Amino acid sequence: MGLANPNIESGHRADQSEGNFVTTTIDKVVNWGRKNSLWPMPFGTACCAIEMMATLASKFDLSRFGSEAIRFSPRQSDLLIVSGRISIKMMPVLKRIYDQMPEPKWVISMGACASCGGVFDTYTLIQGVDQFLPVDVYIPGCPPRPEDLIDAVMQVQRQIHKGELPKGAEVA
Amino acid sequence: MNEEEKEITEETIPRVLEQLREKFGDALLEEAESQNGVVVVVNKEKSYLLLEYLKTELAYSFLVDVTAVDNSNLESELMKYDYARFMVIYQLYTFEEETSRIRVKVPVHEKELKIQSVTDLWKGANWLERETYDMFGIDFEGHPDLRRILMPDDFEGHPLQKDYPLRGRGERESFNFEKQNV
């Protein structure tokens, strides 16, 4: 069957002589597939988006973690990466994009601006998208390094692996 | 007058300024020289005619920018122009003269917060005037479509006016998602 993945903790390797199969639970298999095929929806509005592009390109190569299929349609994606500052005019757009994503869905708030407004403590800037969206992982930095984004994706993967629900699912 | 702008002496007077003096004389409130160009302050009644003259007769055909300044914190500027709170600024450029840039400033009083639109001279003034209206609340008379351009349509106030609080009036914490047209 080719499911001999050491990550499936409860999986039990059967005797080779009886053919290759493992026993596990359906949740474990689904989550294993899910965490290795996160399809990001990039929402890049500022310099963090440049770092996100670098993360996706060949040097840092996010596809090593199964997330190479960047979707510019929210209906085909399950990981929203908010990278950049969000103004009060942009927030309804972002909210609508989040609402259009199919469940289950995760949100990464990348960088200081998305997480808390950063240096832009002004009339027009949302002081943290978590006021309006359920954020699963925050990345500090201004802008964060590509390694930080990779780490955040891996953190989402760990949450999925443990079977934890996304923040959005708890709210709904 | 900024520090970069210096007084004009009779020997080095740019040709464009001579032409403007000849035609608009009294309407020119102040003149100065800036990098590669001149700065003139003109009263509101003659501003449209002066811009039209610059465009059609003197080849200053390229409108670089329309913006404004709120001088309410600058007593020295206020005193100079009969306590006109705002200054609408037009930046023009020409490809033909050595004095390639000209900055036209127009004092605008708060109690009469309007000025004639230049959209019929330059199509490109459309969005620039919308931005100036959005940020400063200056009404451009004759503009075909004077709506907000940067802030949301239901935003109240004009954020670049000096008495608008930097952190806003609570817009960023609460707004109605259902009401917004996305």
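**Parallel sheet of chain A**

In chain A, Val82(A) has Ser109(A) of E5(A) as its bridge partner. This residue pair belongs to a predicted model. The two strands concerned are E4 (residues 79-83) and E5 (residues 106-110) of chain A, which run parallel and are joined by 5 bridges. On the sheet packs helix H3 (residues 91-100) of chain A, in touch with E3, E4 and E5 of chain A. The direction of helix H3 of chain A makes about 165° with that of E4(A).

The sheet as a whole is open, with 4 strands in the order E3-E4-E5-E6 (chain A) and parallel pairing. Strand E3 (40-44) and strand E6 (137-139) of chain A form the edges, each pairing on one side only. On average, neighbouring strands of this sheet are turned by 15° against each other, direction ignored.

**Mixed sheet of chain B**

Chain B contains an open sheet of 5 strands, ordered E1-E2-E5-E4-E3, in which the pairing is mixed. Its edge strands are E1 (28-34) and E3 (62-70) of chain B, each of which pairs on one side only.

Val38(B) stands opposite Ile102(B) in E5(B). Helix H1 (residues 15-24) of chain B lies across E1, E2 and E5 of chain B and runs at about 180° to E1(B). Helix H4 (residues 125-136) of chain B packs on the sheet, where it touches E3 and strand E4 (86-93) of chain B. The direction of helix H4 of chain B makes about 5° with that of E3(B).

**Interface between the chains**

The contact between the chains draws on 16 residues from chain A and 20 residues from chain B. About 1,600 Å² is buried between chain A and chain B, and carbon and sulfur atoms give 67% of this area. On the chain A side, the residues that lose the most area to chain B are Ile88(A), Lys89(A) and Tyr123(A), which together account for 44% of what that side buries.

Polar and charged groups also take part. There are 2 salt bridges between chain A and chain B. In a salt bridge, the side chains of Arg167(B) and Asp121(A) meet at 2.6 Å, N to O. The side of chain A that touches chain B comprises 8 nonpolar, 4 polar and 4 charged residues.

Terms used. Residues numbered from 1 in each chain as written. Chains lettered and ligands numbered in written order. Predicted model: local features only at pLDDT ≥ 70, side-chain atom pairs only at ≥ 80, totals over all residues. Heavy atoms only, no water. Contact = heavy atoms within 4.5 Å. Buried area = accessible area lost by both parts, 1.4 Å probe. Salt bridge = Lys/Arg side-chain N within 4 Å of Asp/Glu carboxyl O. Nonpolar A, V, L, I, M, F, W, Y, C, P; charged D, E, K, R; others polar. Pairing = 2+ DSSP bridges. Axes fitted to C-alpha atoms, helices over the stretch in contact; angles between N-to-C directions.
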